[in-house]
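Colleague: Could you take me through this structure, starting with the strands and then turning to the helices and the ligand?

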Amino acid sequence: MKVLITGVSGQLGHDAAKVLTARGVPFLGVSSKELDVTDRDVVMRIIREYCPDAVLHCAAYTRVDQAEHEPERCMRVNADGTHNIAEACREFGAKLMYISTDYVFSGTGDRPWETDDQTSPLNTYGRSKLTGELAVQELTEKHFIVRSSWLIGEHENNFVKTMLRLAETHDVLRVVDDQIGSPTFAADLAPLLCDMLETEQYGVYHATNEGFCSWAELAETVFRLAGKNVAVRHVSTEEYCAKAARPKNSRLSKSSLDAAGFAHLLDWESSIARVIERIS
Ligand SMILES: NC(=O)c1ccc[n+]([C@@H]2O[C@H](COP(=O)([O-])OP(=O)(O)OC[C@H]3O[C@@H](n4cnc5c(N)ncnc54)[C@H](OP(=O)(O)O)[C@@H]3O)[C@@H](O)[C@H]2O)c1
């Protein structure tokens, strides 16, 4: 198997490249400099020339609040860019793995979302990722759509890094306590994605670390494990007033992973100490 990774300089792309390197799987990792997914000609050329068996499409516009200010740019990357990748995969016969998000759901209720539940994104980023999903489903049969949530890697910005940075200058931080989901460590998710790519068990999956928490609980865990003396003031989504609306219930059911015989990831609490150690 030969793999093309888009967005290789991002959190997940970086860890996927590490896994493929460790497994001795040949791959080409490209950042936006080598392959801007919005440029259809470049996408076609690179996939034609490298001729991968599989494309792990990690590239995305991921600035959720900023997307409300520049929705066209977000749509261009996540929807049109994914359309280009899917078209090229169909044209040159490659499997496609598209990484999607819990933000395709509205966040009502408190039961974990099944893969075939009604999608209804609340913000521009979620709508753009859902449009990307639809393009993948429409254009190529050989696809995996893997929805994850609250991604945390060693590289690039994420919630844990932000908390550790703010801990240097704050004694008290306001953190939202009514959005519930699963922190997911890129280093845990990447090996599962690479396992899936070896198969032909196409379809829609949810893949996150096990267990649920709020952002406030996650922040408290980070400060406790990192030995930072910061108090977390719990606030509601409404009080926090972020630019983009976010789902309150981001719990994702893993029943499709079970049905296909893929293993679950570790509980988020058992991975977080390792992640903090690496980030620090
Ligand atoms: N972060 C989360 O909490 C989260 C949660 C659920 C799902 N996801 C999904 O998981 C995937 C990986 O997320 P991540 O956190 O690893 O993202 P990330 O760290 O923001 O990395 C995304 C990468 O995409 C690249 N990119 C942006 N625009 C591009 C373009 N026009 N052409 C090519 N590359 C472009 C960026 O590369 P440059 O720096 O070179 O521009 C960046 O390195 C994404 O599909 C995301 O939607 C993320």
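Colleague: In β2, which residue is the bridge partner of Val3?

Modeller: In this predicted model, strand β1 covers residues 3-6 and pairs with β2 in the parallel sense, over 4 bridges. Val3 has its bridge partner in β2, and that partner is Phe27.

Colleague: Which strands are the edge strands of the sheet?

Modeller: The sheet is open and has 6 strands with parallel pairing, in the order β2-β1-β3-β4-β5-β10. An edge strand pairs on one side only, and this holds for β2 (27-30) and β10 (203-206).

Colleague: Are α5 and α7 parallel, perpendicular or oblique to each other?

Modeller: The axes of α5 (residues 159-167) and α7 (residues 215-226) come within 10 Å and cross at roughly 60°. Angles of 65 to 115 degrees count as roughly perpendicular and those under 35 degrees as roughly parallel; α5 and α7 are therefore oblique.

Colleague: How many nonpolar, polar and charged residues does the contact of α5 with α7 have?

Modeller: From α5, the residues Phe159, Val160, Met163, Leu164 and Ala167 meet Trp215, Leu218, Ala219, Val222, Phe223 and Ala226 in α7. By class, this contact has no charged residues, no polar residues and 11 nonpolar residues.

Colleague: Which element gives the most to the shell around the ligand?

Modeller: Of the 29 residues around the ligand, those that come nearest are Gly7, Gly10, Gln11, Ala59 and Ala60. Two or more residues of the shell come from each of α1 (11-23), α3 (71-92) and β4 (95-101). With 3 residues, the element that gives the most is α1.

Definitions and conventions. Residues numbered from 1 in each chain as written. Predicted model: local features only at pLDDT ≥ 70, side-chain atom pairs only at ≥ 80, totals over all residues. Near = placed C-beta within 6 Å. Pairing = 2+ DSSP bridges. Axes fitted to C-alpha atoms, helices over the stretch in contact; angles between N-to-C directions. Parallel < 35°, antiparallel > 145°, perpendicular 65-115°, else oblique. Contact = placed C-beta atoms within 7 Å. Nonpolar A, V, L, I, M, F, W, Y, C, P; charged D, E, K, R; others polar.
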